[in-house]
Amino acid sequence: MSTSVGENGRRSNPGPRAAARNRAALLAAAREIFAEHGAHAPLNAVARRAGVGQGSLYRHFPDRLTLVLALFEEQVSTVEELAEDPDASLLDLLGLVTRHAIDSVVSIDLAASSPEVRPDPRLLDLTERLADLVRSRLDEALARGQVRPGTDVEDVLLGIEMVASALTRRPAREREEYAVRAWRLLGFDVVAAPR
(Lines give C-alpha, C1' and ligand atoms only; values in the text may rest on other atoms or scores of the structure.)
Protein backbone atom coordinates (compact mmCIF):
# COMPACT_ATOMS: atom_id res chain seq x y z
CA MET A 1 0.00 0.00 0.00
CA SER A 2 1.22 3.50 -0.67
CA THR A 3 0.67 4.76 2.87
CA SER A 4 2.60 4.11 6.05
CA VAL A 5 2.04 4.87 9.72
CA GLY A 6 4.12 7.79 10.93
CA GLU A 7 5.43 8.53 14.44
CA ASN A 8 2.19 10.27 15.38
CA GLY A 9 0.15 7.16 14.52
CA ARG A 10 -1.37 8.76 11.43
CA ARG A 11 -1.01 7.38 7.96
CA SER A 12 1.38 9.30 5.78
CA ASN A 13 1.46 9.23 2.02
CA PRO A 14 4.99 8.78 0.65
CA GLY A 15 3.75 10.14 -2.71
CA PRO A 16 6.16 9.81 -5.62
CA ARG A 17 8.61 7.74 -3.57
CA ALA A 18 6.11 4.90 -3.66
CA ALA A 19 5.45 5.10 -7.41
CA ALA A 20 8.10 2.61 -8.53
CA ARG A 21 7.24 0.22 -5.71
CA ASN A 22 3.51 0.44 -6.52
CA ARG A 23 4.12 -0.10 -10.23
CA ALA A 24 6.22 -3.21 -9.55
CA ALA A 25 3.57 -4.55 -7.16
CA LEU A 26 0.84 -3.95 -9.74
CA LEU A 27 2.75 -5.80 -12.46
CA ALA A 28 3.43 -8.76 -10.15
CA ALA A 29 -0.22 -8.83 -9.10
CA ALA A 30 -1.42 -8.61 -12.71
CA ARG A 31 0.66 -11.64 -13.70
CA GLU A 32 -0.86 -13.63 -10.84
CA ILE A 33 -4.45 -12.45 -11.28
CA PHE A 34 -4.48 -13.01 -15.05
CA ALA A 35 -2.97 -16.49 -14.58
CA GLU A 36 -5.53 -17.39 -11.89
CA HIS A 37 -8.70 -15.81 -13.25
CA GLY A 38 -8.24 -15.34 -16.97
CA ALA A 39 -8.05 -12.48 -19.41
CA HIS A 40 -11.05 -10.59 -18.15
CA ALA A 41 -10.32 -10.68 -14.43
CA PRO A 42 -11.43 -7.44 -12.78
CA LEU A 43 -8.66 -4.89 -12.56
CA ASN A 44 -9.71 -3.99 -9.03
CA ALA A 45 -8.54 -7.51 -8.07
CA VAL A 46 -5.10 -6.54 -9.39
CA ALA A 47 -5.09 -3.39 -7.26
CA ARG A 48 -6.20 -5.33 -4.16
CA ARG A 49 -3.54 -8.02 -4.68
CA ALA A 50 -0.89 -5.30 -5.11
CA GLY A 51 -2.04 -3.58 -1.92
CA VAL A 52 -2.77 -0.26 -3.63
CA GLY A 53 -5.88 1.71 -4.42
CA GLN A 54 -7.58 1.71 -7.80
CA GLY A 55 -6.43 5.29 -8.32
CA SER A 56 -2.83 4.11 -8.21
CA LEU A 57 -3.62 1.33 -10.66
CA TYR A 58 -5.16 3.74 -13.18
CA ARG A 59 -2.39 6.32 -12.75
CA HIS A 60 0.13 3.70 -13.84
CA PHE A 61 -2.08 1.77 -16.26
CA PRO A 62 -5.09 3.72 -17.58
CA ASP A 63 -6.53 0.63 -19.30
CA ARG A 64 -6.15 -3.13 -19.50
CA LEU A 65 -4.07 -3.04 -22.70
CA THR A 66 -1.56 -0.64 -21.14
CA LEU A 67 -1.12 -3.07 -18.26
CA VAL A 68 -0.65 -6.04 -20.62
CA LEU A 69 1.86 -4.10 -22.72
CA ALA A 70 3.81 -3.25 -19.57
CA LEU A 71 4.02 -6.97 -18.82
CA PHE A 72 5.28 -7.60 -22.37
CA GLU A 73 7.80 -4.78 -22.01
CA GLU A 74 9.22 -6.46 -18.91
CA GLN A 75 9.56 -9.70 -20.82
CA VAL A 76 11.30 -8.07 -23.78
CA SER A 77 13.67 -6.37 -21.33
CA THR A 78 14.65 -9.73 -19.82
CA VAL A 79 15.40 -11.08 -23.30
CA GLU A 80 17.50 -7.96 -23.98
CA GLU A 81 19.40 -8.63 -20.74
CA LEU A 82 20.09 -12.20 -21.83
CA ALA A 83 21.27 -10.93 -25.23
CA GLU A 84 23.97 -8.90 -23.45
CA ASP A 85 25.71 -12.22 -22.84
CA PRO A 86 27.83 -12.77 -25.98
CA ASP A 87 27.52 -16.55 -25.50
CA ALA A 88 23.71 -16.48 -25.62
CA SER A 89 22.54 -18.02 -28.90
CA LEU A 90 19.36 -17.41 -30.86
CA LEU A 91 18.00 -20.64 -29.39
CA ASP A 92 18.73 -19.35 -25.87
CA LEU A 93 16.81 -16.15 -26.62
CA LEU A 94 13.92 -18.13 -28.09
CA GLY A 95 13.96 -20.39 -25.02
CA LEU A 96 13.39 -17.36 -22.80
CA VAL A 97 10.70 -15.98 -25.13
CA THR A 98 9.06 -19.41 -24.96
CA ARG A 99 9.19 -19.44 -21.14
CA HIS A 100 7.45 -16.07 -21.12
CA ALA A 101 4.81 -17.36 -23.55
CA ILE A 102 4.20 -20.46 -21.42
CA ASP A 103 3.79 -18.36 -18.27
CA SER A 104 1.82 -15.49 -19.85
CA VAL A 105 -0.76 -16.99 -22.17
CA VAL A 106 -3.51 -14.78 -20.81
CA SER A 107 -1.50 -11.67 -21.59
CA ILE A 108 -0.90 -12.94 -25.12
CA ASP A 109 -4.62 -13.53 -25.54
CA LEU A 110 -5.44 -10.04 -24.24
CA ALA A 111 -3.02 -8.33 -26.60
CA ALA A 112 -4.22 -10.39 -29.55
CA SER A 113 -7.87 -9.56 -28.84
CA SER A 114 -7.30 -5.82 -28.66
CA PRO A 115 -10.30 -4.11 -30.25
CA GLU A 116 -8.11 -1.72 -32.19
CA VAL A 117 -8.03 -2.26 -35.94
CA ARG A 118 -4.48 -0.97 -36.29
CA PRO A 119 -1.84 -2.49 -34.04
CA ASP A 120 -0.98 -0.40 -31.03
CA PRO A 121 2.29 1.50 -31.67
CA ARG A 122 3.57 0.32 -28.28
CA LEU A 123 3.13 -3.29 -29.37
CA LEU A 124 4.87 -2.52 -32.67
CA ASP A 125 7.80 -1.02 -30.74
CA LEU A 126 8.12 -4.13 -28.57
CA THR A 127 7.96 -6.33 -31.66
CA GLU A 128 10.73 -4.30 -33.30
CA ARG A 129 12.90 -4.64 -30.20
CA LEU A 130 12.38 -8.40 -30.35
CA ALA A 131 13.19 -8.36 -34.09
CA ASP A 132 16.47 -6.56 -33.33
CA LEU A 133 17.39 -9.29 -30.85
CA VAL A 134 16.63 -12.02 -33.38
CA ARG A 135 18.60 -10.13 -36.04
CA SER A 136 21.60 -9.94 -33.70
CA ARG A 137 21.85 -13.77 -33.48
CA LEU A 138 20.37 -15.06 -36.73
CA ASP A 139 23.53 -15.17 -38.89
CA GLU A 140 25.34 -17.17 -36.23
CA ALA A 141 22.39 -19.57 -35.90
CA LEU A 142 22.36 -20.05 -39.68
CA ALA A 143 26.12 -20.67 -39.73
CA ARG A 144 25.79 -23.28 -36.96
CA GLY A 145 22.89 -25.02 -38.69
CA GLN A 146 20.55 -24.24 -35.77
CA VAL A 147 17.87 -22.96 -38.15
CA ARG A 148 16.93 -23.92 -41.68
CA PRO A 149 18.89 -22.26 -44.49
CA GLY A 150 17.05 -19.21 -45.78
CA THR A 151 15.35 -18.47 -42.44
CA ASP A 152 14.96 -14.73 -41.94
CA VAL A 153 13.91 -12.49 -39.06
CA GLU A 154 10.26 -12.46 -40.18
CA ASP A 155 10.24 -16.29 -40.19
CA VAL A 156 11.47 -16.37 -36.59
CA LEU A 157 8.94 -13.73 -35.48
CA LEU A 158 6.18 -15.72 -37.19
CA GLY A 159 7.36 -18.82 -35.35
CA ILE A 160 7.19 -16.96 -32.03
CA GLU A 161 3.68 -15.74 -32.83
CA MET A 162 2.49 -19.19 -33.90
CA VAL A 163 3.90 -20.96 -30.84
CA ALA A 164 2.63 -18.30 -28.42
CA SER A 165 -0.85 -18.30 -29.96
CA ALA A 166 -1.03 -22.10 -29.87
CA LEU A 167 -0.19 -22.11 -26.16
CA THR A 168 -3.27 -20.03 -25.31
CA ARG A 169 -5.41 -23.10 -26.05
CA ARG A 170 -3.47 -25.58 -23.92
CA PRO A 171 -3.84 -26.43 -20.23
CA ALA A 172 -0.94 -25.11 -18.14
CA ARG A 173 0.46 -28.59 -17.47
CA GLU A 174 0.83 -29.26 -21.22
CA ARG A 175 2.27 -25.94 -22.41
CA GLU A 176 5.97 -26.62 -22.07
CA GLU A 177 5.90 -29.93 -23.93
CA TYR A 178 3.56 -28.46 -26.53
CA ALA A 179 5.86 -25.49 -27.12
CA VAL A 180 8.86 -27.77 -27.70
CA ARG A 181 6.85 -29.88 -30.16
CA ALA A 182 5.62 -26.78 -31.97
CA TRP A 183 9.14 -25.39 -32.33
CA ARG A 184 10.38 -28.75 -33.65
CA LEU A 185 7.64 -28.76 -36.29
CA LEU A 186 8.88 -25.32 -37.32
CA GLY A 187 12.45 -26.63 -37.57
CA PHE A 188 13.86 -25.10 -34.36
CA ASP A 189 15.35 -27.06 -31.47
CA VAL A 190 14.08 -24.67 -28.78
CA VAL A 191 13.73 -25.66 -25.14
CA ALA A 192 11.91 -23.32 -22.75
CA ALA A 193 14.22 -21.57 -20.31
CA PRO A 194 13.85 -22.77 -16.72
CA ARG A 195 11.61 -20.84 -14.35
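## Helix 5 and helix 9

Helix 5 and helix 9 cross at roughly 135°, and their axes come within 10 Å. The two helices are therefore oblique to each other. Their crossing is right-handed. These values come from a predicted model.

On the helix 5 side the contact is made by L94, T98, R99 and I102, which meet R175, E176, A179 and W183 of helix 9. Sorted by class, this contact of helix 5 with helix 9 holds four nonpolar, one polar and three charged residues.

## Helix 8 and helix 9

Helix 9 (residues 175–185) also packs with helix 8 (residues 153–167): the axes of this pair come within 10 Å and cross at roughly 145°. Helix 8 passes helix 9 in a right-handed crossing.

From helix 8, the residues V156, G159, I160, V163, A166 and L167 take part, and they meet R175, Y178, A179, A182 and W183 in helix 9. The contact of helix 8 with helix 9 comprises nine nonpolar residues, one polar and one charged. R175, A179 and W183 of helix 9 are among the residues that meet helix 8, and R175, A179 and W183 are also among those that meet helix 5.

## Helix 4 and helix 5

Helix 4 (residues 64–83) packs with helix 5 at an angle of about 160°, and the axes lie 10 Å apart. That angle is over 145 degrees, so helix 4 counts as roughly antiparallel to helix 5. The crossing of helix 4 and helix 5 is right-handed.

Here Q75, T78, V79, L82 and A83 in helix 4 meet D92, L93, L96, V97 and H100 in helix 5. By class, the residues of this contact divide into six nonpolar, three polar and one charged.

## The cavity

The count comes to one cavity of 30 Å³ or more. About 30 Å³ of space lies in the largest cavity. Its lining consists of V79, L90, L93, L94, V97, L130, L133, V134 and I160. By class, the lining has nine nonpolar, no polar and no charged residues.

Helix 5 (90–103) and helix 7 (121–143) each supply at least two residues of this lining. Helix 5 gives the most, with four residues.

Note on methods. Residues are numbered from 1 along each chain as its sequence is written. This is a predicted model: local features need pLDDT of at least 70, side-chain atom pairs count only at pLDDT 80 or more; totals for chains, interfaces and linings use all residues. Side-chain values use heavy atoms; hydrogens and water are left out. On a 1 Å grid over the protein atoms alone, a cavity is a set of points where a 1.4 Å probe fits but cannot get out, and a pocket is an open set with protein on both sides within 12 Å along at least five of seven lines; lining residues have an atom within 4 Å of a point. Grid points are joined across faces, edges and corners, and a volume is the space filled by probe spheres set on the points. Ala, Val, Leu, Ile, Met, Phe, Trp, Tyr, Cys and Pro count as nonpolar, Asp, Glu, Lys and Arg as charged, and the others, Gly among them, as polar. Axes are lines fitted to C-alpha atoms, for helices over the stretch in contact, and angles run from 0 to 180 degrees between N-to-C directions. A crossing is left-handed if the near helix is turned anticlockwise from the far one by less than a right angle, and right-handed if clockwise. Contact means heavy atoms within 4.5 Å. Angles under 35 degrees count as roughly parallel, over 145 as roughly antiparallel, 65 to 115 as roughly perpendicular and the rest as oblique.
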